[in-house]
Amino acid sequence: MAHTQDHDQLANELPPNIYIIGAQSTGKTTLVLALADYFAQNLKSEKLPSQPYQLKEVARGVLLRHQFTASDITSSKERALELQRLIIEAQAAAEGVLQDIWYIADRSALDAVAYARQYVGEAEARGLRHGEAWQQVEEKMRAGVVILCEPGGEWLVDDGVRLMPRDRNEWFTLHSHFQVLLAECGIPYATLPCSVSSLHERVDFVVQAWKQKQKLDAQDC
């Protein structure tokens, strides 16, 4: 019992986690790396208990382990749905071991649901939100800082791994699925406009949202 109380107290003292989410090629990974550098350099001034853990994108590992390809998402709805289910489970497992440290996540389980909604169907995507893994990550996202990166910048580059949109309409349609899902799940979020192109300004946007979340959490205590 004492161990559980100590764990809960530590969790309450940790800064809110940060989730950088959105459609492909919206500068998410670059932003995550820049945020990690910012917090490493401002550990004392931000009065942080530790540097944040960088929770890397789990989807790439799932693709490799289970021998999926990006084309599976558009060529087979069954394969696409199974891939997104595995990504949600992998995301929940990765977050589940990070109980006593705070983190910056490059993407989230909600990304998988958004892709399922776009490439499989609304009903199937809704079904992904009924599992235990989803319930775990949804609760954590509500307690964290969620930043939705808007498409439209100059980051649309094919790296040979990720699924690329056929055109800008498909790119923005996927973005709209993120907006709908966040609203349906009651997850507060801030949209990082693509017009904010300076990496320094993008980092500052997230840091200010993170500080505001800390203030709100302190008021609720």
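Is W102 buried or exposed, and what is its relative accessible area? W102 is buried, with a relative accessible area of 0%; buried means under 20% relative accessible area, exposed means over 50%, and partly exposed lies in between (1.4 Å probe, protein chains only). This is a predicted model, in which local features need pLDDT of at least 70 and side-chain atom pairs count only at pLDDT 80 or more, while totals for chains, interfaces and linings use all residues. Residues are numbered from 1 along each chain as its sequence is written, and side-chain values use heavy atoms, with hydrogens and water left out.

**Aromatic rings**

- A pair of aromatic rings is described by the distance of the centres and the angle of the planes.
- Rings of Phe, Tyr and Trp (its six-membered ring) pair if their centres lie within 6.5 Å; planes under 30 degrees apart count as stacked, over 60 as edge-to-face and the rest as tilted.
- The structure holds seven aromatic pairs.
- One of them is F39 with W210: the ring centres are 4.8 Å apart and the planes stand at 65°, so this pair is edge-to-face.
- F39 belongs to helix α2 (residues 28–41) and W210 to helix α10 (residues 199–220), so the pair ties together parts that are 171 residues apart in sequence.
- F39 and W210 are both buried, and the relative accessibility of W210 is 0%.
- W102 and W210 have ring centres 5.6 Å apart and planes at 20°, so they are stacked.
- This second pair also links distant parts of the chain, since W102 sits in the loop between α5 and β3 (103–106) and W210 in helix α10, 108 residues apart.
- Y38, F39, W102 and W210 form one aromatic cluster.
- Elsewhere, R79 lies over the face of F68, at 3.9 Å from the ring centre; a charge sits over a ring if NZ of Lys or CZ of Arg is within 6 Å of the ring centre and within 35 degrees of the ring normal.

- Helices (H or I, at least four residues) and strands (E, at least two) are DSSP runs, numbered from the N terminus.
- Five of the five residues of strand β4 (residues 145–149) are buried, so the strand is largely enclosed by the rest of the structure.
- Both faces of β4 are covered, with V145, I147 and C149 buried on one side and V146 and L148 buried on the other.
- Two strands pair if DSSP finds at least two bridges between them.
- Strand β1 (residues 18–22) runs parallel to β4 and is joined to it by five bridges.
- Strand β5 (residues 190–192) also runs parallel to β4, with three bridges between them.
- C149 in β4 stands opposite G22, and its bridge partner in β5 is L192.

- Helix α5 (residues 77–96) has 20 residues and reaches 28 Å from its first C-alpha to its last, close to the expected 28 Å; the expected span is 1.5 Å times one less than the number of residues.
- The buried residues of α5 include L83, L86, I87 and I88.
- Helix α9 (residues 168–185) has 18 residues and reaches 26 Å between its first and last C-alpha, close to the 26 Å expected.
- In α9, E170, W171, L174, H175, H177, F178, L181, L182 and C185 are buried.
- These residues cover an arc of only 150° around the axis, which puts them on the same side of α9; the arc is that of the directions from the helix axis to the C-beta atoms.
- The face of α9 turned away from its buried side carries the exposed residues N169 and A183.
- The cover over the buried residues of α9 includes β1, α6 (109–119), α8 (132–143), β4 and β5.

Technical notes:
Contact means heavy atoms within 4.5 Å.
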